[in-house]
Amino acid sequence: MDRHRNPARSLGTRLLIVAGLLVLPSCWDWEDSYTLGPFKSCPEDFQCEPEELCLRGECHRPELSEEDLEDADALLGIEWVCLPAGSFMMGCPEPSVGFFWPVGVDCHYSSAAPTQHEVEMQAYCLMHTEVTEEQFERVMGLNASFYPLGPDYPVEHVDWSEARLFCERIGARLPTEAEWEYAVQGAAAAGAPCEDEACLDATEWIGIYSQNQKQPVGTKLPNANGLFDLQGNVSEIVEDCFHPDNKGAPSTGYPAWSTGCKTYSRSGIQRTEKGNNYADMYSHWCCRSPFLYRYSTRGFRCAADSP
């Protein structure tokens, strides 16, 4: 059985759809809940209560109100790491660079964007850890994780729109792909690959070092910029849609590259995830993949403009 999918849920949803959607909740969006595609709000003829959110076919009441979220950092224990303006060479120098990175093995779609290009970055800030299960539940009203392991574990099994909505509710946004990569391998020369197993064991929850499951955030060493788990634990959703190569890529790190996006009729826009996760056997800062659906190895962190 595919541990990332729930066959019973998929079969059940198909039967409900075939039956004419007669027993679905009023705010049901079958495309969101079955195909796990883009978030959609409730239909116009039905609304959740003002303090509720309609997610995955149900109304959810977050613990924290809009007024509470004006003090989100303190209430959620969020810390920010601010990165200076600068420039860097974005992209992979070649697909086979990196420790535990066999020649000829590509990290998902990293080989599709081997051409480096210079990107100018404005100052910005990133959450110092990935969003946790507790933080997500308090802001959104549900624990989205496929594997709910505890309050300090990274939330996963979220889609792009849910991640984006969380960030918006705390007064932030998703990072762009360039901002994510700059934090890993641009600013402070943070992306020097590990050269031995001791380095991987100290810094990344991947493969044998993770016991093949996600781990509490912030429990490995941070990178040179003070950011935890950019590599390993869960891969991270960014704002940009996915492009198979760098042709036409913007020369600035913000805003996101959101033109020329591949769109599917049911599943929506193909988005981008960055980095490695706990199930990966290889480590490389250049790893990037397209995605459409939720997955139990994918989470996120938020970004904010520099104060």
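## The Cys 241–Cys 261 disulfide

In this predicted model, Cys 261 is partly exposed, with a relative accessible area of 23%. A disulfide joins Cys 261 to Cys 241, with an S to S distance of 2.1 Å. Cys 241 lies in strand S7 and Cys 261 in the loop between S7 and strand S8 (263–264), 20 residues apart. Cys 241 is buried, at a relative accessible area of 1%. The torsion about the S-S bond is about -70 degrees, so this disulfide is left-handed.

## The sheet around S7

Strand S7 belongs to an open sheet of 4 strands, ordered S11-S10-S7-S12, with mixed pairing. Strands S11 (288–291) and S12 (298–299) stand at the edges with a single partner strand each, so one side of each has no neighbour in the sheet.

Strands S7 (residues 235–241) and S10 (residues 271–274) run antiparallel and are joined by 3 bridges. Ile 237 has Glu 273 in S10 as its bridge partner.

Helix H5 (residues 160–169) lies across S7, S10 and S11, at about 90 degrees to S7. A disulfide connects Cys 167 with Cys 302, S to S 2.1 Å. Cys 167 is in helix H5, whereas Cys 302 is in the loop between S12 and strand S13 (303–305), 135 residues apart. Cys 167 is buried at 0% relative accessibility, and Cys 302 is buried with a relative accessible area of 0%. With a torsion of about -90 degrees, the bond is left-handed.

## The Cys 82–Cys 125 disulfide

The structure holds 4 disulfides, one of them between Cys 82 and Cys 125, whose sulfur atoms are 2.0 Å apart. Its torsion is about 90 degrees, so it is right-handed. Cys 82 is partly exposed at 42% relative accessible area, while Cys 125 is buried at 3%.

Note on methods
Residues are numbered from 1 along each chain as its sequence is written. This is a predicted model: local features need pLDDT of at least 70, side-chain atom pairs count only at pLDDT 80 or more; totals for chains, interfaces and linings use all residues. Side-chain values use heavy atoms; hydrogens and water are left out. Two strands pair if DSSP finds at least two bridges between them. Helices (H or I, at least four residues) and strands (E, at least two) are DSSP runs, numbered from the N terminus. Contact means heavy atoms within 4.5 Å. Axes are lines fitted to C-alpha atoms, for helices over the stretch in contact, and angles run from 0 to 180 degrees between N-to-C directions. A disulfide is a pair of cysteine sulfur atoms within 2.5 Å. Buried means under 20% relative accessible area, exposed over 50%, partly exposed in between (1.4 Å probe, protein chains only).
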